Amino acid sequence: MTPRITPRGPVSEALLEALQTGPSAPSDQLRRFAALTAEALDAGPDLLTDEDLQLTLFVLYGLHYGGTVDADDEWEWNPELLRTRRSIERVFERQLRERVPVGDLPEPTADAVAAHLFELTAEDGGPSLSRFLAKKATEEQAVEFVIHRSIYTRKEADPHSWAIPRLSGRPKAALVEVQADEYGGGRPERIHAEIFGQTMRSLGLDDAYGAYIDNVPAITLASFTMMSMFGLNRSLRGAITGHLAAFEMTSSIPNRFYGNGFRRLGHSEDVTWYYDEHVEADAVHEQIAGRDLAGGLAEQQPDLLPDIVFGAAACLYVDGLAGLHMLECFEAGRSSLREPVGVPA
């Protein structure tokens, strides 16, 4: 069952209204959607925090993933929607590149790139959301954390999988090796997205994808839409490989803390399995993603090295902002959600 999505402004409202019509017949609604998008972009929005445009991007990407919005499958390749989506993506990408400096680049060798990415991902010495969850979070805060993470994790691995047909040789083999684990190694009950679904159910949450779309803010959506943009655009294949490398390199230790936090709150393996699974798996994945995927791609196509580093840095930047939003709200004693849900009974 697809979620019911509430518009957050004129652009997302126009898109959701258009998707309720038949895609075969051009309509004034599509032209209105395009015009409203252009008007919104002309106003100079911050794409990371703009609720209306982030929801719009989320819905547009949902047409490719499926299960996100109730719309005819033919909408996926509608040229007007694609054209309008690209106009948003161009601004989103430009703003990310302005805010995320690449800095000095390593040599385009597997070892040098891996070493650079490990150094990059080890630099963050700021406040730690994972340590807060481990030591201080209340049950309600822990549940909110899971709600935020569900936007990506119930689609876990899918954004990065768009890159598989866009790679070849060593980096392609590396990506498939990592993704095979993410998808359970042929065992559906071990698909990471499904394990996370069990975590949600055990916490009394609805594990249907997008059940909490209306609850999460733009910065949470931005974390998912950014990796979707990287994955769905061949021109950004370097960025999506760098993103995955950074994602894996910053996963193992935080997941240990998350699991410990839920144990501290009295939860058993039905909740912690997802986090415990990633402690070991991602310690292996980070090596593959750093050297064979990102490093292998840099050796194969040195011209993509700046984008590989950019993708990794953008992952750290945007996920850091999403985590900081939660942490600041939790420490201030207020909900991190647009619409709080409380502790499920």
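Over the face of which residue does Lys 155 lie? In this predicted model, local features need pLDDT of at least 70 and side-chain atom pairs count only at pLDDT 80 or more, while totals for chains, interfaces and linings use all residues. Residues are numbered from 1 along each chain as its sequence is written, and side-chain values use heavy atoms, with hydrogens and water left out.

Lys 155 lies over the face of Tyr 209, at 4.8 Å from the ring centre. Arg 97 is placed over the face of Phe 310, 4.3 Å from the ring centre. A charge sits over a ring if NZ of Lys or CZ of Arg is within 6 Å of the ring centre and within 35 degrees of the ring normal.

The structure contains 13 aromatic pairs (rings of Phe, Tyr and Trp, the last by its six-membered ring, with centres within 6.5 Å; planes under 30 degrees apart count as stacked, over 60 as edge-to-face and the rest as tilted). Phe 262 and Tyr 275 form a stacked pair, 5.5 Å centre to centre with 15 degrees between the planes. Phe 262 belongs to helix α13 (residues 252-264) and Tyr 275 to helix α14 (residues 269-300), so the pair ties together parts that are 13 residues apart in sequence. Helices are DSSP runs (H or I, at least four residues), numbered from the N terminus. Both Phe 262 and Tyr 275 are buried, meaning under 20% relative accessible area (1.4 Å probe, protein chains only). Ring pairs also link Phe 145, Phe 196, Tyr 258, Phe 262, Tyr 274 and Tyr 275 into a cluster.

Definitions and conventions: Helix = DSSP H or I, 4+ residues; strand = E, 2+ residues; numbered from the N terminus. Buried < 20%, exposed > 50% of the residue type's maximum accessible area, 1.4 Å probe, protein only.
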